[in-house]
Amino acid sequence: MNDTLVAFASKQEFSGVFPHLTATVATTSPYSIDNRFDVCVCGVGMVEFSANLAYFLAKGGYKRVVQVGICGVYPNRDFQVGEVVRVDADALGDMGVQTREGHFVPWHDVYGEKLVYSGESPRALSLALASIPSAVGVTVSCCTGTRYLALRRGGMFKADVETMEGAACFAVCKRFGVPAYQFRAISNVATDRDTSTWKVPEALAALKSQVLDVL
């Protein structure tokens, strides 16, 4: 076992970076990569990701968690498709209440409790990883499919990118006292949904070369 656990959410992301490894096996037992780090698949979404990450942390003695994957960038942000970002803070984006008029009210506006989770300071990272641009994320259970919702979420949470597990990863690692970092490659713009424009293989290639190859 290595000191660092690299956690993917989906089997597709994992297989895109490690095609020679079996993603199904990685959901139950982490692989060691060249004695540099262990890599696993924790599942898509906050619930499955949290449960499996907690299992791996309780079972192993990891001293650092690095979450990796792809993400969508909100419109009018200073990031481009194909770019790799380090997500240093992630808010819960669809936890809240709906008014009788149909409006969404985020949790912090209802109870005054901001549900924002942060990763470890990049000062402990290598220069290559610390130099990757910092971004603010928002974790959602339902991915954005319209430009209206993208602008709403991006503005409401002052977020750059959209994830489905980032806040959960930071919360679990904080509970275990394990430093956590999150790196994402932008595969698409979170706007009117059109998967034909997504650049998933290119994003995963950038993630591998800029993050995994230098860990």
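A salt bridge is a side-chain nitrogen of Lys or Arg within 4 Å of a carboxyl oxygen of Asp or Glu. In this structure, Asp94, Arg153 and Glu162 are linked in a network of such bridges.

The model is predicted, with local features requiring pLDDT of at least 70 and side-chain atom pairs counting only at pLDDT 80 or more, while totals for chains, interfaces and linings use all residues. Residues are numbered from 1 along each chain as its sequence is written, and side-chain values use heavy atoms, with hydrogens and water left out.

**Exercise 1. Salt bridges**

State how many salt bridges a search of the whole structure finds, and describe the pairs formed by arginine 77, glutamate 165 and aspartate 213.

Solution. 

Step 1. The search of the whole structure gives 6 salt bridges.

Step 2. Arginine 77 and aspartate 160 meet through their side chains in a salt bridge of 3.5 Å, N to O. This pair links distant parts of the chain, 83 residues apart: arginine 77 is in the loop between strand 4 and strand 5, and aspartate 160 is in the loop between helix 6 (147–156) and strand 10. Helices (H or I, at least four residues) and strands (E, at least two) are DSSP runs, numbered from the N terminus.

Step 3. Cover is judged by relative accessible area: buried means under 20%, exposed over 50%, and partly exposed in between (1.4 Å probe, protein chains only). Arginine 77 has 24% and is therefore partly exposed, whereas aspartate 160 has 16% and counts as buried.

Step 4. Glutamate 165 pairs with arginine 184, their closest N and O atoms being 3.1 Å apart. Because glutamate 165 lies in the loop between strand 10 and helix 7 and arginine 184 in strand 11, the pair ties together parts that are 19 residues apart in sequence. Both glutamate 165 and arginine 184 are buried.

Step 5. Aspartate 213 and lysine 208 form a salt bridge at 3.1 Å, N to O. Aspartate 213 is partly exposed, at 43% relative accessibility, and lysine 208 is also partly exposed, at 32%.

**Exercise 2. The pairing of strand 4**

Determine which strands pair with strand 4 (residues 64–73) and in which sense.

Solution. 

Step 1. Two strands pair if DSSP finds at least two bridges between them.

Step 2. Strand 1 (residues 4–8) runs parallel to strand 4 and is joined to it by 4 bridges. Here leucine 5 has valine 65 of strand 4 as its bridge partner.

Step 3. Strand 11 (residues 180–189) also pairs with strand 4 in the parallel sense, over 9 bridges. Cysteine 71 stands opposite isoleucine 186, and valine 73 stands opposite valine 189.

Step 4. Strand 10 is antiparallel to strand 4, with 2 bridges. Valine 73 has valine 161 as its bridge partner in strand 10.

Step 5. Strand 11 is largely enclosed by the rest of the structure, because 9 of its 10 residues are buried.

Step 6. Strand 11 has a further pairing, antiparallel and over 3 bridges, with strand 5 (residues 84–92). In it, arginine 86 stands opposite phenylalanine 183.

**Exercise 3. Two threonines**

Describe the surroundings of threonine 163 and threonine 4. Are these residues buried or exposed?

Solution. 

Step 1. Threonine 163 is part of strand 10 (residues 161–163). Its relative accessibility is 2%, so this residue counts as buried.

Step 2. A polar contact is a pair of N or O atoms within 3.5 Å; within protein, one must be able to donate a hydrogen and the other to accept it, and residues adjacent in sequence count only if both atoms are side-chain atoms. The side chains of threonine 163 and threonine 139 make such a contact at 3.0 Å. The side chain of threonine 163 also reaches the backbone nitrogen of glycine 166, at 3.3 Å.

Step 3. Contact means heavy atoms within 4.5 Å. Apart from neighbours within four places in sequence, threonine 163 is in contact with Asp90, Val138, Thr139, Val140, Gln182 and Arg184.

Step 4. Threonine 4, in strand 1, is buried, with a relative accessible area of 6%. Its side chain makes a polar contact of 3.1 Å with that of arginine 64. Not counting residues up to four places away in sequence, threonine 4 touches Phe37, Asp38, Tyr62, Arg64 and Val66.
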